[in-house]
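Hi there,

Here is the structure I promised to pass on to you. Have a look at it first, and then read my notes below.

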Amino acid sequence: MPTTTSPVLTEQQARHFRDLGYLRLPDAGLPQRLLDDVAEAVRARAARLPAGRAKVYRLYQHDRALMHRLVAHPALTGPLTALLGPNVVYVLNRHNQGSLNAPGAQEVRLHRDILQPTRGLLTAVVYFEDATVETGCTWIVPGSHCAPYVGVPQPDGGGTWMDEHPELADLADQAVPVPVPAGGVLLFDGTLFHTVGANTGGTTRTSAVLGYRSADELDAHPDLDRQVVVVGAQLYRGNDRPN
């Protein structure tokens, strides 16, 4: 069942997110037992994958009861309603993954999570271990959600990688690290350029990467196989109905 909650961000925090494209919540208030349970599920599935930086997809489908406790928890949905409005859905076909960044992982490349704000996307990264510069915390380019939306010029697709678009080259050296302690959350706009950092430390950095958006009030037939309402309701407010 969808949860109901009230916004818990200050006006200044919400403005920071809209102006710079991200917001750091170092003490999000998620229960430790819930964090431990999800982290254990991520590590168990990641153990079956090749060593290094492992991504575990379809987290929600793998354990709906556990993951719904996380994605619909008021500690997350409170800030989300302040940024997305009273009706919020969790996206099943973007992110919905666990990430285990092991020592030595070097997969660093600035990118956007969506090509364009078709429906919008808010990315929420929940950290189960301290994300420091040494363990590969997320790097972001503040304000880059306002940069031009670039197309897909190359034959094999893509379009979200900054280094594939010369018109964005002057932003590449503007990335800054955003350390977040265990139990904290990083929220950022899906069109903000960001990357995972290189893990030069001696410990892993485990997280869950979640995607949210406002419920689409102009979609008369929402795809319920690819979204889950976590706050409010799925509503239709189009004016195409007969008088």
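Predicted model: local features only at pLDDT ≥ 70, side-chain atom pairs only at ≥ 80, totals over all residues.

Residues are numbered from 1 along each chain as its sequence is written, and side-chain values use heavy atoms, with hydrogens and water left out.

Back to P179. You will find P179 in the loop between β7 (176-177) and β8 (185-189). Setting aside residues up to four places away in sequence, P179 touches R24, A131, T132, V133 and C137, where a contact means heavy atoms within 4.5 Å. P179 and T135 are 44 residues apart in sequence, and their C-alpha atoms are 9.4 Å apart in space.

Now for the overall picture. The protein has five helices and 11 strands; helices (H or I, at least four residues) and strands (E, at least two) are DSSP runs, numbered from the N terminus. Its radius of gyration is 18 Å, which agrees with the value near 18 Å for a compact globule of 243 residues; the radius is taken over C-alpha atoms, and the globule rule is 2.2 Å times the number of residues to the power 0.38. Along the principal axes, the C-alpha atoms fill a box of roughly 65 × 45 × 40 Å. Buried residues make up 50% of the 243 residues. Of the contacts with a separation of 6 or more, 85% are between residues 24 or more positions apart.

After α5 comes G85, with a positive phi near 100 degrees.

R58 has a phi of about 60 degrees and lies in the loop between β2 (54-57) and α3. N96 has a phi of about 55 degrees and is in the loop between β3 (88-91) and β4 (97-101). R58 counts as exposed because its relative accessibility is 52%, whereas N96 counts as buried because its value is 0%.

D63 is in the loop between α3 (59-62) and α4 (64-71), and with 30% relative accessibility D63 counts as partly exposed. D63 and V91 are 28 residues apart in sequence and 15 Å apart in space, C-alpha to C-alpha.

Finally, the cysteines. A disulfide is a covalent bond between the sulfur atoms of two cysteines. How many disulfides does a search of the whole structure find? The search finds zero, counting a disulfide as a pair of cysteine sulfur atoms within 2.5 Å. C137 is buried, with a relative accessible area of 0%, while C146 is exposed at 61%.

Enjoy exploring!

Best wishes

Note on methods: Buried < 20%, exposed > 50% of the residue type's maximum accessible area, 1.4 Å probe, protein only.
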